[in-house]
Amino acid sequence: MVDMPDGYTGEGFFATKLSDVVGLARKNSLWPLPFATSCCGIEFMATMASHYDLARFGAERLGFSPRQCDLLMVIGTIAKKMGPIVKQVYLQMAEPRWVMAVGACASSGGIFDSYSVLQGIDQVVPVDVYVPGCPPRPEGILDGFMRIQDLVGQESVRRRSGERYKELMQSYGIE
Amino acid sequence: MLTNATIKERLEKHFEGRLTGFEEPYGMLSFEAPKELNLKVLQFLYDDEEMRFQFLTDLTAVHYPNQPGRELAVVYHLHNMRDNVRIRFKVFTDIAQPDIFTATKLYEAANWMERETFDFFGVHFTGHPNLKRILNVDEMDYFPLRKEYPLEDQTRTDKDDEMFGRG
């Protein structure tokens, strides 16, 4: 069970902010899209499975279509040639959408300080949460997921129509 | 049974001593050919009734930065499947004009491998039907496996030299 948001309770009614209710609903029913390319993906499989059980956080259903998902989880090394594809997947997701970079490679290129590897996916898409580790343990991925939940739960309903968000998108060449 | 000695003898006879550097590391016959002869050597090894090297196992390049005028070596690995014999030969070229005749007319497999070799070493295979990058991004304007670059990506701005004790 999740905690009730702050509000006024009386006999037979409860009043609170719309953004709190929306945030509560969103953060406990995230649909992640796993974009797993390498060894971090194996850790993510463990995260999904019964022992660590990502479903506890309301993410029971992983979607494999970006059009249905809210959270893009980029898990593993992204080669430069893969960069445009990550961006395309991001663009196919509907707003509101969040991005999590799992592992050193997705966050910064990791040990692959090389001509062929994208040095962090934040060069092509905006990232909300970075999970360090090479690879991160399932606990790390769950922690990252919970931080995404915090962001989702606290997000203002107006954020995505604001100027700042528009500027962020424009800095990535997204209209 | 096809032996290395027979292959060497036939090659030397057919090419009248223009092939050099014969050696047999780990029992595999290797030699060097002048770069204008690469197709003639391949054709001979392919067509000859005794040689029958009709399978191109590998084609790649090596960069030797300390050999002026012959910096790039293109290496062919051939396999005679009937007698199960493998050989290897190299042709060397000047890096300033790295033109080599394509082997795609003889071996279909050369198509992919020559594109890869062009991608990483910049060897220009004259006559290749579709010589463009295959594994790297199209925008890349250098040949990454030439020994001309430090290991790190030179276009990086996010990692400060001071963090690595080089500041």
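Tutor: Happy to. Keep in mind that this is a predicted model. In chain B, five strands make up an open sheet with mixed pairing, ordered β1-β2-β5-β4-β3.

Student: Which are the edge strands?

Tutor: They are β1 (20–23) and β3 (55–63) of chain B, each of which pairs on one side only.

Student: And by what angle are neighbouring strands turned against each other?

Tutor: On average by 15°, with direction ignored.

Student: What about β4 and β5 of chain B, in which sense do they pair?

Tutor: Antiparallel: β4(B), residues 72–80, and β5(B), residues 85–93, are linked over nine bridges. As one example, B:V74 has B:V91 in β5(B) as its bridge partner.

Student: Which helix packs on the sheet?

Tutor: Helix α3 of chain B, residues 110–121, which touches β3 and β4 of that chain. The direction of α3(B) makes about 10° with that of β3(B).

Student: Switching to the largest nonpolar core: which residues touch the most other members?

Tutor: Those are A:L72, A:V74, A:M100 and A:V102, in a core of 37 residues. Elements of chain A that each supply at least two residues include β4 (71–75), β5 (98–102) and α5 (138–154).

Student: What is A:M100 in contact with, leaving aside neighbours within four places in sequence?

Tutor: A:L71, A:M73, A:D128, A:V129, A:V131, A:G144 and A:I148.

Student: How many residues are in the second core?

Tutor: 32, and this core is separate; among its residues are B:Y76, B:A103, B:V123 and B:F143. As background, nonpolar side chains tend to be buried together in soluble globular proteins.

Terms used
Residues numbered from 1 in each chain as written. Chains lettered and ligands numbered in written order. Predicted model: local features only at pLDDT ≥ 70, side-chain atom pairs only at ≥ 80, totals over all residues. Pairing = 2+ DSSP bridges. Helix = DSSP H or I, 4+ residues; strand = E, 2+ residues; numbered from the N terminus. Axes fitted to C-alpha atoms, helices over the stretch in contact; angles between N-to-C directions. Contact = placed C-beta atoms within 7 Å. Core = buried A, V, L, I, M, F, W, Y, C linked by C-beta atoms within 7 Å. Buried ≥ 20, exposed ≤ 12 C-beta atoms within 10 Å, placed from the backbone.
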